[in-house]
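Please work through the exercises below with the sequence and the model side by side. Each task is followed by a solution that goes step by step.

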There are 2 protein chains.
Amino acid sequence: MAPYDPSDFPPFAVTVDLVVLTVRHNGLRALLVRRGEAPYQGQWALPGGFVRPGEDLAAAAGRELEEETGLCAHDGECESGSGEARHGAHLEQLATYGDPGRDPRMRVVSVAHLALAPDLPSPTAGGDASGARWAPVERLLGEEGGGRDDEQLLPLAFDHARILSDGIERARSKIEYSSLATAFCPAEFTVGELRRVYEAVWGVVLDPRNFHRKVTGTPGFLVPTGGTTTRQGGRPAQLFRAGGATLLNPPMLRPEM
Amino acid sequence: MAPYDPSDFPPFAVTVDLVVLTVRHNGLRALLVRRGEAPYQGQWALPGGFVRPGEDLAAAAGRELEEETGLCAHDGECESGSGEARHGAHLEQLATYGDPGRDPRMRVVSVAHLALAPDLPSPTAGGDASGARWAPVERLLGEEGGGRDDEQLLPLAFDHARILSDGIERARSKIEYSSLATAFCPAEFTVGELRRVYEAVWGVVLDPRNFHRKVTGTPGFLVPTGGTTTRQGGRPAQLFRAGGATLLNPPMLRPEM
DNA sequence: CCAAAAGTGTTTGCGCTACACCCATGC
DNA sequence: GCATGGGTGTAGCGCAAACACTTTTGG
C-alpha cells in the first residue's frame, strides 16, 4: 500500500440519510421528501444532507431529524446533547452506503441513520423540502398484504429503496429483543396501543392476553403512571411510561416467520 | 439548508478499518498491526486503509483483509466476487466512526468492518504492516477472567479500542441467532470444535450433550461429510460442513448473562 | 342495552436443563 | 488398560400458545 500521506487522499462527500419511521393509522410509515433538483427531480427520497466540517455523524443526523420533523433525538448511540424541541425520538446509526455511482454527480458516502418517532400531530411542518409525506411502507417495498393492488409502488431516488428496506428490517428485528417499540408511542400509552405498534410493524395479529402478560411481566419494560384513559374506547386502560430496561430477556416472539 | 452544490461540499477522507477475529488456543483473538508512522507510532492498531476512488466499501474491506491475512472474503453483505486466495472468511460492515478529531491530522470517516476467520496456520504473512499479531481480546478490553493479572492492557491507536469492542460485541451476539460461528472453523470440523468456538467467544462452558443435540437438530446448520477425525484425541468424531442456513430458529442460548 | 376494548386464569405442550452411561480410539 | 473426547437417553420444569369469561366505559 502507498505510504500514508495526509495531503494526498481521495476526497469524498459524506452525507447522512434518515430512515424515519412512525406508526399511523395502524400501519408502518416512512418519512419522504420530494426532491426539488436534479438528479431524480420531483421523485421521493429519504431526508438527509451533508455532514458539516466540525460535526459528529450523530449530530448531523440529529440536526437533519430536527429540521425535518421538529423532533429532538435521544437514546441509541447518538447523544446530541441538549435542546428538547419536542417529545424525543430514538435515533441510531443504521449502515453506510458508498457504492461508486450511487450518486451520478460525485462520489458520495452516506451514513444512514434510523429514527423511530411517535405519531406526530402535524403532518410535516418546516424543513427544507418542497414537499414531505408519511408514506405507507407497503407502497415502497412491494410487500404482500399491504392495501389494495391498484396502489402502485412509489419509486425512490438513488439507492434509497435499499436503505429504507434495511432500516425497516432493523426496526422489525430490534423490537423483538429491545424495548424500542415504545419509541413509536407517546410519552404515556396503554398496553393495547403498544400491541398495535407491534402488530403494525410486524404485520401480524397478536393475542391480547398473552401480550399483556408478557409486557407487564418483563421487569423494567413498562412503568405504570397510575392514570387511565378511554381514548381507544371501551373499558378504561392503565397508562404506562417506558421503563429503564433496553434489552428484553426473554425477547418478544414474532409469530411464524 | 444551503442548496445542493456539487462543487462545494466539505471534503472527507474515507477509510475502512478491520476487526478481524479468530479463535486460537481456546481464546478469542484480534488481528493487530503495529503502526510505523506518527501519530501513535509504534502502537498497535486495527488494520485498514483508504478507500480508493472507484472502489466499493465492501471491496475496499475485502482488499485490506486479503492484503493482511491472505484470506478471501465471502458471505455477509460483501461480495467482492472472484479470486479465492485461501479458505474463505466472513466479512460484514460493522459501523462508521466519524468524530471530528478522531484522527489529529484531518477529518477521517472510517467504515469499520468485521471479519471472522478460522485459525490460520501462518501467524501473519505478507501485508504492509511492519508487525502484526493475534492478540487475546482480554488484553485489549480489560475483561474479567482473561489470563493472569500481571498481563497489562495493550493500548490501541485512535478510537480503535471502541471499534474493536463494538466488533466483539457484534460477533458475540450474532453467533447466537446465526450460523456465523462456523466461520471460525476450518472447512470441515467436528461438533466439539464448534462447541469450543462458542465457549471461547462467549467465555463460558457449555454442556457437550445439549450442545450436540441442539446443533445437529437445527435443520440446515450442519451437513455431515461422512468422514471422521481423531485430531482432538479420543473417539473418532464425525466431520461436518456448514449448511445453508444462516438464521438459527430457535437461537443458541447464551448462559446467564 | 349493546358494542368495544381491557384485563385475568387455566390447560397443554414443547424445548431447555441437568444428569449418567457407553463407545471408540491413541498411547 | 487407561485416558480422552464423542455420542445418546431421560426426567423435570419453565415458558409460551391457545382459549373463555368478566369488567367498565361510551353511545
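Predicted model: local features only at pLDDT ≥ 70, side-chain atom pairs only at ≥ 80, totals over all residues.

Residues are numbered from 1 along each chain as its sequence is written, chains are lettered from A and ligands numbered from 1 in the order in which they are written, and side-chain values use heavy atoms, with hydrogens and water left out.

**Exercise 1. The interface of chain A and chain B**

Describe the interface of chain A and chain B by its contacts, its buried area and the elements of chain A that take part.

Step 1. Begin with the contacts, defined as heavy atoms within 4.5 Å: 36 residues of chain A are in contact with 37 residues of chain B.

Step 2. Turn to the area, for which buried area is the accessible area (1.4 Å probe) that two parts lose on being put together, summed over both. The two chains bury about 3,300 Å² between them, and 62% of it is on carbon and sulfur atoms.

Step 3. A salt bridge requires a side-chain nitrogen of Lys or Arg within 4 Å of a carboxyl oxygen of Asp or Glu, and the count between chain A and chain B is 0. A polar contact is a pair of N or O atoms within 3.5 Å; within protein, one must be able to donate a hydrogen and the other to accept it, and residues adjacent in sequence count only if both atoms are side-chain atoms. By this rule 10 residue pairs are in polar contact across the interface of chain A and chain B, both residues being at pLDDT 80 or more.

Step 4. Assign the elements, where helices (H or I, at least four residues) and strands (E, at least two) are DSSP runs, numbered from the N terminus. On the side of chain A that touches chain B, two or more residues come from each of strand 1 (12-24), strand 4 (48-50), helix 1 (57-69), strand 6 (89-97) and strand 7 (108-116) of chain A. Strand 6 of chain A gives the most, with 4 residues.

Step 5. Sort this side by class, with Ala, Val, Leu, Ile, Met, Phe, Trp, Tyr, Cys and Pro as nonpolar, Asp, Glu, Lys and Arg as charged, and the others, Gly among them, as polar. The side of chain A that touches chain B then has 19 nonpolar, 6 polar and 11 charged residues.

Step 6. Check for strand pairing, which needs at least two bridges found by DSSP. Strand 1 of chain A and strand 1 (residues 11-24) of chain B pair in the antiparallel sense over 2 bridges, and Phe12(A) has Phe12(B) as its bridge partner.

**Exercise 2. The surfaces near the DNA**

Which residues come closest to DNA strand C, and which come nearest to DNA strand D?

Step 1. Take a residue as near a strand if one of its heavy atoms lies within 4 Å of it. For DNA strand C there are 23 such residues, the closest being Arg209(A), Gln238(A), Arg209(B), Asn210(B) and Arg235(B). Around DNA strand D there are 23 residues, of which Arg209(A), Arg209(B), Gly234(B), Arg235(B) and Gln238(B) come nearest.

Step 2. Examine the base contacts of DNA strand C. A polar side-chain atom of Arg209(B) lies 2.9 Å from a base nitrogen, and a side-chain N or O atom of Arg235(B) is 3.3 Å from a base oxygen.

Step 3. Do likewise for DNA strand D, where a polar side-chain atom of Asn210(A) lies 3.0 Å from a base nitrogen, whereas one of Arg195(B) lies 3.4 Å from a phosphate oxygen.

Step 4. Find the main contributors: helix 5 (208-217) of chain B gives the most to the surface near DNA strand C, with 4 residues, and helix 5 of chain A provides the largest share near DNA strand D, 4 residues.

**Exercise 3. A salt bridge and the backbone**

Step 1. The side chains of Asp159(A) and Arg102(A) meet in a salt bridge (2.8 Å, N to O). Asp159(A) is in the loop between helix 2 (138-141) and helix 3 (160-177) of chain A, and Arg102(A) in the loop between strand 6 and strand 7, 57 residues apart.

Step 2. Most residues other than glycine have a negative phi, and most peptide bonds are trans. The bond from Ala38(A) to Pro39(A) is cis, with omega near -5°, and Tyr40(A) has a positive phi near 65°. Pro39(A) is in the loop between strand 2 (27-34) and strand 3 (44-45) of chain A, and Tyr40(A) lies in the loop between strand 2 and strand 3.
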